[in-house]
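Please bear in mind throughout that the model is predicted.

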Amino acid sequence: MKPVRLPASAVLALPRWALFALAMLYILPGVIGREPWKNDDAASFGVMWTMAHGSWQDWLWPNIVGMSVPQEGPLMFWLGALCIKLFGWLLGDVLAARIATIGVFLLGALSLWYATFNLGRRPEAQPLKLAFGGQPEPDDFGRTLADAALLIYLGCLGFLQHSHETTSEPLLTALLALTLYRSVRYMEKPCWRNAALIGVALGLMTLTRGWVPPAFVLAALFICTRFLAIPAGKALPHLLASLGVAFAVTLPWLVPAFATRPYGQAPLVAWNTWNMAQLALPSLRPLQIFFRDGVWFFWPAWPFALWAAYAWRRQNNLLHIVVPTTFVIVAIAMLLMNPAPEHAQLLMLVPPLAIMAAFGLLTVQRGAINAIDWFSVMVLTLGAAVLWLFWYAQLTGWPPKPAHNVLRLVPGYVPELNWLALLVAIAATLGWFLLVRWRVSRRPSVLWRAVVLSSGGVILIWILWMTLYLPLTNYNKSYATVARQAAAVLPADTDCVASNAGPAQRASFAYFGKLPFNSVDTAQCRVLLWQDYTRGERRDPPGDWALLWEGRRVSERSERFRLFRRTAP
């Protein structure tokens, strides 16, 4: 028996303009005005920037001004480099690269919405008919479920940070959502066209993060066909066709990269080695990471998703249960088989968990919904108040203790007031209080009422951080200042710089400091940028070098950079 009984009043859909405005409020803060931050964000931007200002070989061999980056795949870097070429002259290279991030986010959000909508309007997903009528229409029910899934998707804490980066991880998440949508369409109507479209999505995933995620997704699709009783004689040829289309999609990179060996390198060998390193026997370490990080990473999706698995446990052959549940289980299996799991594996659970959570909302009791609402109101309002307090303290010096606690973390930082950012932060805070007032005073019975405060509060916290604290965060996480310091003492006749710096540091010094790193051979460079750490034994570069400059990011006490000039041939 279906566990759902709803009146038509509970399936009021959000206006399309409201959904679009919410999506823009989510993605634009953290994109505009943000410098490439240390580690993956800066490294990925470095690959895009190298491609945009390099030769055709850089498009086949992802690298950061000569440093090979064999991990992942080139697709996200292609998109960012293309945006730099198209819009860099107008917006600057950093913001232009992040246009690709915005497009990727919108692709994932739309795919998730339509996947949930198609699942929600199916006959077996409809709530029980009421004795005197008044149950919702299928399309209205599907739209409301899709709105709820999107709100949960936007509220997931783990997705928040990664969705604003220039890395391949948000693109992988978006393509997984697209694959979910195409899979739903295929399960509704198994045909060659839908199988081919699944293959396109899988091929794009391969160009994004290698062939391991698409391989597990293809396994998930096969498992779904078994639960949904699609004849094996039809499903297997279709899935093989999907595999063939996916392989064809990757050929425009695989063939030229193999045939031309850009810069004398073999990018496919290193790329395949990285893919193989993601597969091993299951171990306890990935499981520990899953439970340790998953509690906050998947909030607020996982409580509702678990409840959906329990509430719909007797209907284990329904499309809206089989597809998201299978994708979640297969994604967990992929995580457990990775000896060094990353957040990219966790992100693969976010879209199917959001869909499961939307169906879990249907059966959650009013008391539980109210408890979640009050928890969201208290925690997120307190978090916003703390952000406002510490921002005011670091700007004015009062209260003195919060001001001291903030500024001691970033010595040398001079607080600044940006009136436009302040107005945006004030507007977001007022909008939050209006949302809470609407939720408390109206007590709407609409389905997505349980997650609107969670998602709205997360967006509020992110807006406050990316407006009030953006200059401080750029100062703390960017290498721009130290890169310009090194550039100021660089000898005028320098035409080549050797370095042992990591990917993020190399990208930042190349972009902000314009250091001419050698892209092929550094043995003959007369200048060396040396990265080491102050803790432990001092490491000096081998050879005869004279120190020109020494510096570090003020917020990083252990990391150190030194610029040397060769003293002997």
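1. The sulfur atoms of C496 and C525 lie 1.6 Å apart, and the two residues form a disulfide. This pair links distant parts of the chain, with C496 in the loop between α23 (480-488) and β3 (497-499) and C525 in the loop between α24 (503-512) and β4 (527-533), 29 residues apart. The pair counts as a disulfide because the cut-off for the two sulfur atoms is 2.5 Å, and by this rule the count for the model comes to 1 disulfide.

2. Both partners can be checked for burial: C496 counts as buried because its relative accessibility is 8%, and C525 is likewise buried, with a relative accessible area of 1%.

3. Which side chain of opposite charge is nearest to R182? R182, placed in helix α8 (residues 169-188), is buried yet has no salt bridge, and the nearest such side chain, that of E188, is 8.2 Å away. Leaving aside neighbours within four places in sequence, R182 is in contact with R193, N194, L197 and I198.

4. In helix α22 (residues 470-477), the buried residues are L470, L472, T473 and N474. What covers these buried residues of α22 includes α19 (400-407) and α21 (449-468).

Technical notes
Residues numbered from 1 in each chain as written. Predicted model: local features only at pLDDT ≥ 70, side-chain atom pairs only at ≥ 80, totals over all residues. Heavy atoms only, no water. Buried < 20%, exposed > 50% of the residue type's maximum accessible area, 1.4 Å probe, protein only. Helix = DSSP H or I, 4+ residues; strand = E, 2+ residues; numbered from the N terminus. Contact = heavy atoms within 4.5 Å. Lys, Arg positive; Asp, Glu negative; His and termini not counted. Salt bridge = Lys/Arg side-chain N within 4 Å of Asp/Glu carboxyl O.
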